[in-house]
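Colleague: I'm new to this one and would like to learn how to read it. Could you walk me through it a feature at a time?

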Amino acid sequence: MDLLLQYIGLGVSSVFYGAQGVLQLMPVLMVLIGVLVGILIGAVPGMSGPFAMAIALPILVSIFGYGNDALYPVLGCLLGIMKGATVGGAVPAILFKTPGTPDAFLTTLDGYPMARKGQGRKAIQTAHFASVMGDNFSDIVLFIAAPTIAVAVERILGLPEKSALIILSLCFMAAVVGKAPLKGLLGGLLGMFVSLIGSTMSGNGPRLTFGLPELGNGLPLTSAVLGVLVISEVLMSIEEMHAAPSSEDTTREAPEMGPPLSWAERARMLPGILRAAAIGTAIGALPGIGTTTAATLSYDTAKRRSATPEAFGRGTPEGVVATEAANSAVSGANLIPVMSLGIPGNFAAVFIILAVETIGDFSFGPQVFQFTPIKEIEGFGTILNANLVLAFGIFTMMVVANFFNWTLGGLLMGFLGHLVRIPKAVILPVIMTVSLTAAYVQDGGYLGLLTAGVFAMIGYGLRRLEISILPFVIGFLLAPTLEGLVRGAFTASGGDAFFLLKSPIAIAMLLMSLLLLARMFRQSR
Amino acid sequence: MSDAPEEITSSSHQNGRWNLWVGFGTLAFAALCLLVWFPRDIGSGFMQQNLTGRTVPGDSFFPILLVALMVPLAALLILSQLRAKRGTGGELVGHISLENLAFLGRCLILTGASLLVMNIVGPSLIWLTNMTGLTTLSGYRAASASFPFDVSGYFFGATLLTCGLIRITRHRLRPSDLLIGAATAAVLILIFDGLLNNIQLPPNADL
């Protein structure tokens with residue numbers, strides 16, 4: 001327990017004090033900037049947290065560089081954006097029936113009728129209270145669950161089991177994301193395959209480069225993910241708007257705001273918030289299942305358990321609480337598989353992992369949570385697990401982001417209604433220009449730009465063919481880890497062809513993967 | 001009344017072929033990888049001997065495993081499409097139409113034109129100022145770190161890209177859109193060139 005408290009203390013102080021013991025405010029400042037950007041971006045229709053994180057990452061890396069010192073400011077800003085966006089998306093959903101982020105769609109069901117009834121302020125404050133409470137709840141679960149799972153995984157799972165776990169995760173993700181699971185799994189394998197370009201494992205020179213020396217260092221990661229996730233999505237949206245141009249109404253007036261939410265009303269909401277947050281956290285901890293599923297499940301549950309189910313859809317705060325607390329709870333919980341296993345479960349987590357892969361020598365996974373005894377050795381320094389200190393530093397920044405969400409989020413939400421007037425026809429081209437510039441700037445000129453372009457085409461093709469993008473991106477990011485594990489397991493088994501079937505846990509996981517595959521096949525007919 | 005369902009059935013049946021194309025395409029890709037690409041572009045085989053004489057996985061080990069896993073999945077996809085039950089949802093089918101390709105072509109041309117503008121405006125500006133006697137620079141490379149030459153190409157290219165995309169989206173371009181395009185480029189120049197060091201905007205990193 002003492003050791004745990006020591007590491008927590010070191011983690012907290014590492015955010016506020018630099019290596020020389022000097023007070024540093026940059027990480028906190030970047031969290032603040034991230035939260036503000038996230039709240040603003042969340043309120044702009046057509047934008048979302050992961051979108052903003054994708055564009056911010058190359059800019060942040062350009063500002064702070066690739067050293068270990070850059071990790072806190074960059075991660076702080078990205079975490080701030082992720083959390084801020086969960087709050088901002090509700091405002092246009094409530095005032096104009098236009099969700100700022102996709103996960104705020106269900107908030108329109110009751111938020112908008114509340115605003116129409118002259119309870120706009122109450123609806124917005126309900127959304128803010130439920131959203132931040134839900135987010136806080138899932139963060140607490142993350143702080144407890146991530147180290148616990150990591151320690152258990154490190155004790156129980158060896159190389160074959162870890163390999164089987166990644167295979168199972170990918171199968172699960174393909175099965176639950178989208179309506180074409182077989183193609184989703186194929187996309188995951190394709191993502192893994194593409195990530196091998198330019199890599200090497202045995203010192204025989206880079207692989208699969210077509211003889212191009214520019215690919216010898218591998219593909220630029222950020223540009224590739226920017227292309228496949230953001231640029232392809234922007235292309236799709238621009239094409240849809242081109243095919244069906246709509247006259248954008250930018251003159252919408254905000255409805256009557258009405259009285260504020262009282263503390264007694266907040267207290268009455270707590271049971272509903274806790275139930276919704278628990279659903280959101282459980283859903284968020286599973287890779288591939290997004291905020292919309294959490295919000296839908298929570299809304300249905302709240303409606304079934306309500307004494308007045310007929311009020312749902314007509315402007316009841318219970319409905320706003322159910323959707324907002326659940327979709328915000330996903331954001332903390334989706335970091336559970338990231339921090340404990342190194343497996344990203346959604347797009348926001350992809351950019352957190354990408355930042356860590358790009359900057360410094362820290363990496364997520366069960367090895368982070370090894371509680372190495374802290375020892376002072378004279379003439380040498382202190383022996384400790386620096387990664388664990390960083391992990392607690394990341395938790396600290398999440399708490400700071402929550403504080404800003406509580407305070408500034410509440411203040412800002414009242415002013416966000418105007419952002420709904422920004423036309424999508426303008427914002428999408430601006431995002432495209434910023435994305436292409438960011439790819440050029442961060443990843444070495446035209447190589448970065450070309451990579452982003454090629455991956456944008458791949459992403460566009462996958463989306464048009466109804467192949468889920470998430471398994472492709474997760475496969476792309478996890479391939480180096482999986483290759484290392486599989487090679488290690490194979491070598492350790494002495495070259496046994498059945499090296500993955502050496503333990504009951506690995507067999508169980510692979511059997512579950514096969515069952516998922518059988519389910520996918522049955523669904524696909 | 002009777003025409004519409006027939007059209008939908010015919011259309012979805014036709015579109016259903018796209019899953020077959022994805023399946024057969026994957027099989028062809030796997031064959032190409034295993035027979036042509038991997039042998040020529042990977043330095044070591046499926047297995048190799050290390051310095052101690054121990055047999056360990058080579059660089060081809062994992063790529064071959066991945067491609068080998070694609071084969072049964074592609075076969076399952078083809079099988080599911082050939083034996084699809086009528087009236088069931090099944091695997092969602094997408095398609096890429098000629099209109100989609102034309103749209104992508106238009107975007108590529110616009111991006112290419114914007115990059116061309118980024119590349120030629122800077123040198124053209126140097127040529128113009130040299131001609132008018134304002135500068136005596138030997139070329140763009142000599143001025144690629146001096147304002148405004150270093151950002152002139154990016155400013156016009158990025159403005160063209162933003163405005164071009166707004167034009168595609170809206171089917172028209174308003175004067176305010178030109179201002180938005182120029183403002184976007186100016187803000188990006190301010191961030192990347194003004195506030196940050198060692199950052200080069202297009203085309204300066206590739207001179």
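**Reading the model, feature by feature**

Modeller: Let's begin with the core. The largest nonpolar core has 228 residues, and those with the most contacts inside it are Val31(A), Leu78(A), Ile94(A), Ile352(A) and Val473(A). Domain 1 (3-82) and domain 2 (98-206) of chain B both give residues to this core, so it lies between them. Keep in mind that all of this is a predicted model.

Colleague: Which residues does Val31(A) touch, leaving out those up to four places away in sequence?

Modeller: Some of its partners are Gly76(A), Cys77(A), Leu79(A) and Gly80(A). The list also includes Met397(A), Val400(A), Ala401(A) and Phe404(A).

Colleague: Since it's a prediction, where in chain A is confidence lowest, and where is it highest?

Modeller: For that you look at pLDDT, the predictor's confidence in each residue, from 0 to 100. Chain A has a mean pLDDT of 87, with 97% of its residues at 70 or more. Confidence is lowest in strand β2 (residues 381-383) of chain A, at a mean of 81. It is highest in helix α18 (residues 446-464) of chain A, at 94.

Colleague: On to the place where the chains meet. How many residues of chain A are in contact with chain B?

Modeller: There are 56 residues of chain A in contact with 59 residues of chain B. Several helices of chain A supply at least two residues each to that side, among them α3 (49-64), α9 (181-195) and α20 (504-524). The most comes from α17(A), which gives eleven residues. Sorted by class, the side of chain A that touches chain B has 32 nonpolar, 15 polar and nine charged residues.

Colleague: Can we take one residue of chain B? Is Val22(B) buried or exposed?

Modeller: Count the other C-beta atoms within 10 Å: with 20 or more, a residue is buried. Val22(B) has 25 such neighbours, so it counts as buried. Val22(B) is part of helix α1 (residues 3-41) of chain B. Apart from neighbours within four places in sequence, Val22(B) is in contact with Lys183(A), Leu465(A) and Leu77(B).

Colleague: And how should I read the overall form of chain B? What pattern does chain B follow along the sequence?

Modeller: Chain B has six helices and two strands, in the order α-β-β-α-α-α-α-α. Its radius of gyration is 27 Å, well over the 17 Å that the globule rule gives for 207 residues, so chain B is more spread out than a compact globule. Along the principal axes, its C-alpha atoms fill a box of roughly 75 × 75 × 30 Å. Buried residues make up 33% of the 207 residues in chain B.

Colleague: Where is Phe210(A) found?

Modeller: Phe210(A) is in the loop between α9 and α10 of chain A, and has a positive phi of about 55 degrees although it is not a glycine. Phe210(A) is exposed, with 9 other C-beta atoms within 10 Å. Glu466(A) also has a positive phi, near 60 degrees, and is found in the loop between α18 and α19 of chain A. Glu466(A), though, is buried, with 20 other C-beta atoms within 10 Å.

Methods. Residues numbered from 1 in each chain as written. Chains lettered and ligands numbered in written order. Predicted model: local features only at pLDDT ≥ 70, side-chain atom pairs only at ≥ 80, totals over all residues. Helix = DSSP H or I, 4+ residues; strand = E, 2+ residues; numbered from the N terminus. Buried ≥ 20, exposed ≤ 12 C-beta atoms within 10 Å, placed from the backbone. Contact = placed C-beta atoms within 7 Å. Core = buried A, V, L, I, M, F, W, Y, C linked by C-beta atoms within 7 Å. Domains from an automatic or database assignment. Nonpolar A, V, L, I, M, F, W, Y, C, P; charged D, E, K, R; others polar. Rg over C-alpha atoms; globule rule 2.2 N^0.38 Å.
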